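Work through the exercises below with the sequence and the 3D structure in view. Each task is followed by a solution in steps.

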Amino acid sequence: MKYLGLWLVVAAGIGLGRYYSRRLYRRAERLQQLVLLLQTLQQQLTYTALPLSALWRRLAAGEAFRTLPLLQATAEALAAGQPFRAAYAAGMESLAGDGLTPADRQLLLEFGEGCGVTGLSEQAAHIAAYRGLLQQAQQQAQQQAQQKGRVYQALGAAGGIALALLLL
């Protein structure tokens with residue numbers, strides 16, 4: 001029974017290491033989705049000249065962004081008749097527990113504040129600027145995940161083994 005408990009301690013350490021490693025990769029994946037969203041949004045805006053709220057609803061209805069909670073929640077709020085800023089704020093609430101850092105959330109909030117308040121060319125430039133900023137954040141997150149992900153896993157395993165040895 002004692003050895004089973006020790007194995008569970010080691011397994012818990014490994015599990016914690018994998019959990020924190022996965023959070024790093026989840027952040028990089030989510031930022032990649034957001035970069036792709038802004039790229040698609042900019043292209044659609046340029047080619048169709050539809051209002052921003054119509055574009056968000058159109059993208060939310062497509063298959064490419066089904067797993068992006070920001071887009072889906074914003075589109076639902078837009079469909080309920082809320083103005084874009086309020087709908088976007090509601091969408092931002094859906095990102096809780098998504099692995100994004102406070103700096104990532106702040107960047108997305110700043111993006112939402114500038115949406116829909118200027119003309120077509122200025123709006124496209126606004127989207128392009130924030131797409132570049134999100135791309136930089138995504139590249140940093142990817143590097144961080146590759147560098148620290150394995151370290152977190154190794155530390156979790158080592159911590160679990162160390163604790164099991166102390167309990168022996």
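**Exercise 1. Salt bridges**

Task: Search the whole structure for salt bridges, and state how many there are.

Solution. A salt bridge is a side-chain nitrogen of Lys or Arg within 4 Å of a carboxyl oxygen of Asp or Glu. The search of the whole structure gives 3. This is a predicted model, in which local features need pLDDT of at least 70, side-chain atom pairs count only at pLDDT 80 or more, and totals for chains, interfaces and linings use all residues. Residues are numbered from 1 along each chain as its sequence is written, and side-chain values use heavy atoms, with hydrogens and water left out.

Step 1. Arg22 and Glu29 form a salt bridge through their side chains, at 3.0 Å from N to O.

Step 2. Glu63 and Arg66 form another, at 3.3 Å from N to O.

Step 3. Asp104 pairs with Arg27, with 2.6 Å between the closest N and O atoms. Because Asp104 lies in helix α5 and Arg27 in helix α1, this pair ties together parts that are 77 residues apart in sequence. Helices here are DSSP runs (H or I, at least four residues), numbered from the N terminus.

**Exercise 2. Accessibility of the paired residues**

Task: Decide whether Asp104 is buried or exposed, and do likewise for Glu63.

Solution. Buried means under 20% relative accessible area, exposed over 50%, and partly exposed in between (1.4 Å probe, protein chains only).

Step 1. Asp104 has a relative accessible area of 3% and is buried.

Step 2. Glu63 is exposed at 63%, while Arg66 is partly exposed at 44%.

Step 3. Arg22, at 38%, counts as partly exposed, and Glu29 is partly exposed at 40%.

**Exercise 3. The largest nonpolar core**

Task: Find which residues of the largest nonpolar core touch the most other members.

Solution. A nonpolar core is a set of buried Ala, Val, Leu, Ile, Met, Phe, Trp, Tyr and Cys residues joined through side-chain atoms within 4.5 Å.

Step 1. The largest such core has 35 residues, and Leu34, Leu41, Trp56 and Phe111 touch the most other members.

Step 2. Two or more residues each come from α1 (2–48), α2 (52–61), α3 (69–79), α4 (84–93), α5 (102–113) and α6 (120–167). The largest share, 8 residues, is from α1.

Step 3. Take Leu41 and leave aside its neighbours within four places in sequence: its contacts (heavy atoms within 4.5 Å) are Leu52, Leu55, Trp56, Leu59, Phe111 and Ile127.

**Exercise 4. The largest cavity**

Task: State which residues line the largest cavity.

Solution. On a 1 Å grid over the protein atoms alone, a cavity is a set of points where a 1.4 Å probe fits but cannot get out, and lining residues have an atom within 4 Å of a point.

Step 1. The count is 1 cavity of 30 Å³ or more. The volume of the largest is about 40 Å³, taken as the space filled by probe spheres set on the points.

Step 2. Its lining consists of Leu34, Leu37, Leu38, Trp56, Leu70, Tyr88, Leu108, Phe111 and Leu134.

Step 3. α1 and α5 each supply at least two residues of this lining, and α1 gives the most, with 3.

Technical notes. 1 Å grid on protein atoms, 1.4 Å probe; cavity = no way out; pocket = protein on both sides within 12 Å on 5 of 7 lines; lining within 4 Å.
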